[in-house]
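Thanks for coming, everyone. Let me put the model up and walk you through a few spots.

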Amino acid sequence: MKKSSLVYLIISLLLVLSIPISILSCGFGIPSQFDETYYGELPHMFNRLKEAKKEKIIILGNSAVAFATRTDLIEEELDKDVVLFGLYAAIGTKTMMDLSKVNISKGDVVVFAPEISTQGLSLYFSARNTWRAVDGHFEMLNYIANENRKVMIGNFANFTAEKFDYFVNGAKPNVNGVYQQESFDLDGKEVGYMTYDRPYNIMLDGNNDETISFDDVLIQEDFIDYVNDYANYVRSKGADIYFDFTPMNKLIFEDEAFEEAEAFVNKLKEKLNIRFIGDISNYILDYRWFFDNNVHMNSSGMYVYTNQLVEDLKVVFEDSSPTNIVIPQIPDVPLPNYEDGDNSYEDCFTYKNIRRGCMITGLTEKGKDQSFMVIPSMHDELPVLAFNATTFQDNKEIRELVIPKNTRSLMDNSFKGCTNLTRLILQHENPNYLNVGTALLAGADSCYVYVLDEYYDNFANHYNWSYYKDRLTKYVKS
């Protein structure tokens, strides 16, 4: 080989190798960019568990336990250290089980309380969300299961690119509201439970579009096997594990659902090698105790859930002492503040009245011909709060749709078959006041969601809206 060819080959190899080296250097070397977001609480939970003393109580689950559990009240009632270990269903119940192995010791009690949902009761794993959560605390990667490491490696470049973009622009994700790490602090100090004030239910009509299913399809054998193996691991450490429930909004239950819930729980009991300590009926609660979805409690609701959890644990500990948690008065839901806006397309829709406003039920003949529309803010002096999922389905004309601030909920499958829809333009500043599920854009593959530039980070890092991060685009108000 000629010397010039050898030099060319070496330079080429160095250039090729420099790409992964650069990615690794940026991904691991750049300071944490997500530590102030909601994801940033997971390392705090991990460290609290890692440093906790023996004979502690570990409440393991998803965001429902994060929004519902006052660890300080449990500690007062049971005289034991309590570690909250649940943050976000999109990180995965499996990940929480794996990470908890950092410190389960003799005499500990694990309360396993996953959400009754597809994510909560499955081996679901999100590499993107996990990378954000471990950012700057990479020792947590040691506890990620081997079978999940391949997808973590595959997602590393995307994580690095996202992190690098924030770093070079000199600003971390700009988040506010409940979905930030500071929501678990009090007067600047970590306390280990959610302190952000959530005064009342902010959901449209008291509940959102998401339901809680008790279909047998949720009971997946691979998940059952994994949980049973985890339970065996807990017991091998000299600790105990019990199953309990998360809060559920009573508004979404039909009468027959209570019987379905009992039957579902009985099937879970048959399959899980874990003692159930609670009664699911005690966790189906008045809608006024909830906040922004059907399992997230408001600040007052935390007392209700924590009180019930303490009562269940006292049975385990054979503690007959009275529980002294004072339940606050159930919070009323005030009339929200609405604003008038662009109502020029009001005659393109049909309406019905609902609690506190009205809802769009369909399109008029004029509306069916429009390629651009603005959802009206008001109709007959009532705020327009939502539109039915069937309003736009299979509409081939609509290309752009503006959603004003008064709209409080976007239902799953609302744009199914809207193959020419490309722009869904939100005027909202706070994602807490626009509920969304995971199937909003199903069947509208060309559609992107446009949010105001200054509020983009709030949406991109929000509990619900982060699901659509790859479809979010910034725009500047004209």
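Ground rules first. This is a predicted model, so local features need pLDDT of at least 70 and side-chain atom pairs count only at pLDDT 80 or more, while totals for chains, interfaces and linings use all residues. Residues are numbered from 1 along each chain as its sequence is written, and side-chain values use heavy atoms, with hydrogens and water left out.

Start with the helix pair. Helices here are DSSP runs of H or I with at least four residues, strands are E runs of at least two, and both are numbered from the N terminus. Look at α6, residues 127–134, and α7, residues 146–168. Their axes come within 9 Å and cross at roughly 60°. Those axes are lines fitted to C-alpha atoms over the stretch in contact, and angles run from 0 to 180 degrees between N-to-C directions. Under 35 degrees is roughly parallel, over 145 roughly antiparallel, 65 to 115 roughly perpendicular, and the rest oblique. So α6 and α7 are oblique to each other.

Which residues of α6 and α7 make the contact? From α6, they are Ala127, Arg128, Thr130, Trp131 and Arg132. From α7, they are Val151, Met152, Asn155, Phe156, Phe159 and Glu162. Contact means heavy atoms within 4.5 Å. By class, that gives six nonpolar, two polar and three charged residues. For the classes, Ala, Val, Leu, Ile, Met, Phe, Trp, Tyr, Cys and Pro are nonpolar, Asp, Glu, Lys and Arg are charged, and the others, Gly among them, are polar.

Now the rings. Rings of Phe, Tyr and Trp (its six-membered ring) pair if their centres lie within 6.5 Å; planes under 30 degrees apart are stacked, over 60 edge-to-face, the rest tilted. That rule gives 34 aromatic pairs. Take Phe34 and Tyr166: edge-to-face, 5.9 Å centre to centre, 90° between the planes. This pair links distant parts of the chain, 132 residues apart. Phe34 sits in the loop between α1 (3–29) and α2, Tyr166 in α7. Buried or exposed? Phe34 is buried, at a relative accessible area of 0%. Tyr166 is buried too, at 9%. The cut-offs are under 20% relative accessible area for buried, over 50% for exposed, and partly exposed in between, with a 1.4 Å probe and protein chains only.

Next, α2, residues 41–51. Glu41, Leu42, Pro43, Met45, Phe46 and Leu49 are buried there. The buried residues of α2 pack against β1 (57–61), β2 (82–86), α5 (93–100) and α6. Note the glutamate in that list. Glu41 has 0% relative accessibility. What is Glu41 in contact with, leaving aside its neighbours within four places in sequence? The answer is Arg48, Leu87, Gln181 and Phe184.

Last, the two exposed glutamates. Phi of Glu318 is near 55°, positive in a residue other than glycine. Glu318 lies in the loop between α10 (301–316) and β10, and counts as exposed at 74%. Phi of Glu381 is near 65°, also a positive value in a non-glycine residue. Glu381 lies in the loop between β13 (378–379) and β14, and is exposed, with a relative accessible area of 74%.

That's my tour. Over to you.
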